[in-house]
Amino acid sequence: MTEARGSAGPNGGTHTRHAPGTPCWVSLMVHGLATTQEFYGSLFGWEFQPGPQQLGPYVRALLDGHEVAGIGRLPPDRRLPVAWTPYLASDDVDVTAETVRLCGGTIGVGPLDAAEAGRLAIGSDPSGAVFGIWQAAGHQGTALTGVPGTPAWNELLTYESVSVAKFYEAVFGYEEEAVVSADFDYLTLHIDGRPVAGIHGVGHALPRDRGPHWITYFEVADADDTVERLVDLGGHVLTPPRDSAHGRVATVADPEGARFCLIESPR
């Protein structure tokens, strides 16, 4: 993780329109929707309300009345990975989906309308990492950032950064900034000069059961306390809290195995 900061100030910020290419929403598909709501509600203080049902039962998570994430139920006959998926903003999801195909990616779902909320597609990059594309209408995406319980950063874990970065740059128009290091393969993706996401090449350190995948960081007030609460709620610690240049970070998983990171930003 490098510059895990958006435009929100220390007391949080609300957002209306997200520039194309910006991660604008995160969504989780699980088998047990009710138990997953209980877990994240207790962990982050989220409340829930129904969302569009085009892909099955789906709820939006709210923090202080602001929508911050979504959780849906996987069809019982689908053996898809349980994972947090970032949605990248687009002004025209159909054009973006076609560009994904032309650049070597695939589109697995859509494009399709999500009621009056917007239009979406779900695809994967040439290495197989899954992401969403969101064209906003009534629903702009994540409405609050910079406070505990909100998404703080999205990062692609892949074999190596350079080749897959060319795909994302071609599709979404990112500019890139590399970390100059002989033993650390990392690129930060920028929109209009602002860091919005990262690509971390980890080689054979990728989990064998996952392959390349996106991971979401969630802001917390105290990483160590949140990890303790997560374990009490049935979650798992993959990497214990550790200090980094951008705060205290832990990698964890929920009871169904969805991986995510917790970050306690410096004050």
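User: How many residues does the largest nonpolar core have?
Analyst: The model is predicted, so local features need pLDDT of at least 70 and side-chain atom pairs count only at pLDDT 80 or more, while totals for chains, interfaces and linings use all residues. Residues are numbered from 1 along each chain as its sequence is written, and side-chain values use heavy atoms, without hydrogens and water. A nonpolar core is a set of buried Ala, Val, Leu, Ile, Met, Phe, Trp, Tyr and Cys residues joined through side-chain atoms within 4.5 Å; buried means under 20% relative accessible area, exposed over 50%, and partly exposed in between, with a 1.4 Å probe and protein chains only. Leu28, Tyr40, Phe44, Trp46, Ile71, Trp84 and Phe260 have the most contacts inside the largest core, whose residues number 30.

User: Which element gives the most to this core?
Analyst: Helices (DSSP H or I runs of at least four residues) and strands (E runs of at least two) are numbered from the N terminus. At least two core residues come from each of strand 2 (23-30), helix 1 (33-44), strand 4 (58-63), strand 5 (66-73), helix 4 (223-232), strand 17 (247-253) and strand 18 (259-264). The element that gives the most, with five residues, is helix 1.

User: Why are the buried residues of helix 2 on the same side?
Analyst: In helix 2 (residues 93-102), the buried residues are Val93, Thr96, Ala97 and Val100. The arc is that of the directions from the helix axis to the C-beta atoms. These residues lie on the same side of helix 2 because the arc they cover is only 100°.

User: Which residue caps the N-terminal end of helix 2?
Analyst: At this end, a side-chain oxygen lies 3.1 Å from the backbone nitrogen of Asp94. The residue that provides this oxygen is Asp92.

User: How many disulfides does a search of the whole structure find?
Analyst: A disulfide is a pair of cysteine sulfur atoms within 2.5 Å. The sulfur of Cys103, a partly exposed residue with a relative accessible area of 30%, is 19 Å from its closest cysteine sulfur, in Cys24, and therefore too far for a bond. The sulfur of Cys261, which is buried at 3%, is likewise too far from its closest cysteine sulfur, that of Cys24, at 20 Å. The number of disulfides found is zero.

User: Which side chain makes a polar contact with the side chain of Asn154?
Analyst: Asn154 is found in strand 11 (residues 151-158) and is buried, with a relative accessible area of 6%. A polar contact is a pair of N or O atoms within 3.5 Å; within protein, one must be able to donate a hydrogen and the other to accept it, and residues adjacent in sequence count only if both atoms are side-chain atoms. At 2.7 Å, the partner of the Asn154 side chain is that of Thr216.

User: What is the radius of gyration of the protein?
Analyst: The protein has four helices and 18 strands. The radius of gyration is taken over C-alpha atoms, and the globule rule is 2.2 Å times the number of residues to the power 0.38. For 267 residues the rule gives 18 Å, so the protein is as compact as a globular protein of that length, its own value being close, at 17 Å.
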